[in-house]
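Please keep the sequence and the three-dimensional view at hand while reading.

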Amino acid sequence: MSKTNMLFAFLRFISLFSVFLLLINPKFNQITLTEEKPNLVIAVDNSNSVIHLNQTEKAKSLVEALSGNDALKEKFNLEFYTFGERFKNTDSLSFAEKQTNIDEAFSQLAQIYKGHTAPTLLITDGNQTYGNDYEFAFSKYKQPIYPVILGDTITYTDLKIQQLNVNKYAYLKNKFPVETFLVYNGSRNITSKFVVKKGNTIVFSETISFSKENNSKLLNFNLPADRVGVNTYQANLLPLENEKNKVNNTYNFAVEVIDQKTKIALVSSFYHPDLGALKRSIESNERREVSILKPEELSGKLSDFQLVILYQPNDNFKNVLTELNKENKNRFIIEGTKTDLVFLNENNKSFDHEITDDYENYQGTLSTNFSPFLMDDINFESFPPLESNYGSVIFAVPFQTILYKTVNGISTNQPLLATLETNDRREAVLFGENIWQWRSQSYLNTKAFNQFDNFTGKLVQYLASNKKRNRLNIDYQSFYNGNGNIIVKAELFDKNYVFDARETLQITVTDDVLKSSKTYPLILKNNNYQVDLSHLSPSEYSFKVSSGKENLSKSGHFQILEYNVEQQFLNANVGKLEQLASNSEGDSYFIDNTTSLVDDLLGDNRYKTIQKSHKNSLPLIDWKYLLAIIALSLSAEWFLRKYKGLI
């Protein structure tokens, strides 16, 4: 055989062999080795208390030293975070945050570093203003924690108002209760005076004695509500002569005095968990009072209530509905599995519910076109379904949907919660029971009932009033604490009362004390416009929200009370931070004595680089070089045969 034929045979063999390999498609294992360094989490307290304790420069210097340490960077992946009101992935420090939630920082870190090695440096004074007790964070955050304590253990003589509790609302010509906790930190016997002023007038005072053993006092007293509107007060515990921190001797508070209370009748012929949940939710606003009544108990008392809630009406509600229709009174109907639909269809003229004797579970999704009042999305999709009568609803009067029914995430385009306005009467209908589960789920979502209670509160406020609907609505509070968020929300509708997302809104805020004004734009967010005014200093303010295209405007007034919870601390919370370190198998350090910190981290055998092997089973068909060999061998054979004149 000639050399040419042997070459042709070799090329043909390579081509056919490669094709056969592809047809068989054998697999081979590929092992790759990677090295994974442990993480070193550096979480820094970015709250205002660090400034108050004069620890800002020390905290910044430590962060710079850690970030520039080559030995640490060689052994660890350095990750920087800050916490205060919010937890952020950053090393930028301003120490301007007005609240501290250390536990929330651990909750976030537990999700980020689950399954990873991540010893954590916690650079903080340990003073938390809200949230769960962080001392037990080690139970959910399974990492060694190394607190670096910003502050000292020196004990200063101090008097302070530890806490002051007062209702947000009071009623004209009544007295409202005030409760305050006074604390003394010192060793000698002293006497001070607790004074409450309204403007320049002293409305309450009491002499208080303290000693090393008797170092706290609880005062309960009543103040008169004699003027409608926001009434501001200043509580002051007269400081000692050489007291270091006098800021925590003063506490400003306010009470809004109103001249009437909204009374609501919750009528049901049987007991259900929804009744208690609705009562607690509505009465979370002190301006409202709910009475749970049986249908026969409402007879002759209808004029005492601004709103009547009919819970799953049946034949027992005959007289109630007759009186409601006669007086054209606002109502809120809640349907459920025990509702007599035949009776309800016959005794109301607003809607007709198809009768099928079947039930269905419906979840809710917020309508973006609802216009009567401002409604926030409180994550309705996460709430458990409500049990309701199956069948369509036909409305005989104009209505607006707040929540649509959904089944398995698919909208039915049928209302779950709707409002109606007809003949100067306002109504709402909820087509489902077990709303108590919504309130419970709201608590699980946010660790508070506030969102759900605000939702029911806005609905009740709308139903208990007959005011004419406005195209421009504003949502704000009469007064704010200086350490809280100040958000003003607005909602604008066109002439057909459809939400207008194309409009430009702005707010002009005037400081009534300094007589200065500033204008800010409102930002469109979800189904409303809003502006964050948290940067404003404590004072009295008036404002005007106006639209750019439409000639619409609305004014209001609010007051910001002077109070900074971050300035109430004298020392770092050394005991709690040391206990946290001990519980998590870490160690604690004072900011002035961190020389051994880096060496301790570098020498700890728990933090080693881990070599991981990854075994991948790869089919030969995915090997691109085999395709190249086939193409090359076939091409070479073709060109050689062409060159030899064989084709």
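How many aromatic pairs are there by the rule applied here? The count comes to 26 aromatic pairs, where rings of Phe, Tyr and Trp (its six-membered ring) pair if their centres lie within 6.5 Å, planes under 30 degrees apart count as stacked, over 60 as edge-to-face and the rest as tilted. The model is predicted, so local features need pLDDT of at least 70 and side-chain atom pairs count only at pLDDT 80 or more, while totals for chains, interfaces and linings use all residues. Residues are numbered from 1 along each chain as its sequence is written, and side-chain values use heavy atoms, with hydrogens and water left out.

**Aromatic rings and charges**

One of the pairs, phenylalanine 543 with phenylalanine 558, is tilted, at 5.8 Å centre to centre and 40 degrees between the planes. Phenylalanine 543 belongs to strand S32 (residues 539-547) and phenylalanine 558 to strand S33 (residues 553-561), 15 residues apart. Both phenylalanine 543 and phenylalanine 558 are buried (under 20% relative accessible area, with exposed over 50% and partly exposed in between, for a 1.4 Å probe and protein chains only). Elsewhere, ring pairs link Phe380, Phe383, Trp438, Phe452 and Phe455 into a cluster.

| Charged residue | Ring | Distance to ring centre |
|---|---|---|
| Lysine 168 | Phenylalanine 479 | 5.9 Å |
| Lysine 405 | Tyrosine 362 | 4.4 Å |

**A parallel sheet and its helix**

Helices (H or I, at least four residues) and strands (E, at least two) are DSSP runs numbered from the N terminus, and two strands pair if DSSP finds at least two bridges between them. Five strands make an open sheet with parallel pairing, in the order S3-S2-S4-S5-S34. Its edge strands are S3 (77-83) and S34 (589-590), each pairing on one side only. Seven bridges join strand S2 (residues 39-45) to S3 in the parallel sense; leucine 40 has leucine 78 in S3 as its bridge partner.

Helix H11 (residues 574-583) lies across strand S4 (120-124), strand S5 (145-149) and S34, and runs at about 160 degrees to S5. Such angles run from 0 to 180 degrees between N-to-C directions, with axes fitted to C-alpha atoms, for helices over the stretch in contact; contact means heavy atoms within 4.5 Å. Val574, Leu577, Leu580 and Ala581 of H11 are buried. These residues are on the same side of H11 because they cover an arc of only 130 degrees around the axis, taken from the directions from the helix axis to the C-beta atoms. The buried residues of H11 pack against helix H5 (102-112), S4, S5 and S34. Just after H11, glutamate 585 takes a positive phi of about 65 degrees.

**A mixed sheet**

Another open sheet of five strands has mixed pairing and the order S7-S13-S12-S9-S10. Strand S7 (169-171) and strand S10 (201-210) each have a single partner strand, so one side of each is left without a neighbour in the sheet. Strand S9 (residues 190-198) and strand S12 (residues 229-237) run antiparallel and are joined by four bridges.

**Isoleucine 486**

Isoleucine 486 is located in the loop between strand S26 (479-481) and strand S27 (487-492). With 2% relative accessibility, isoleucine 486 counts as buried. Its contacts include Tyr480, Val531 and Ile560, not counting residues up to four places away in sequence.

Note on methods
Lys NZ or Arg CZ within 6 Å of the ring centre and 35° of its normal.
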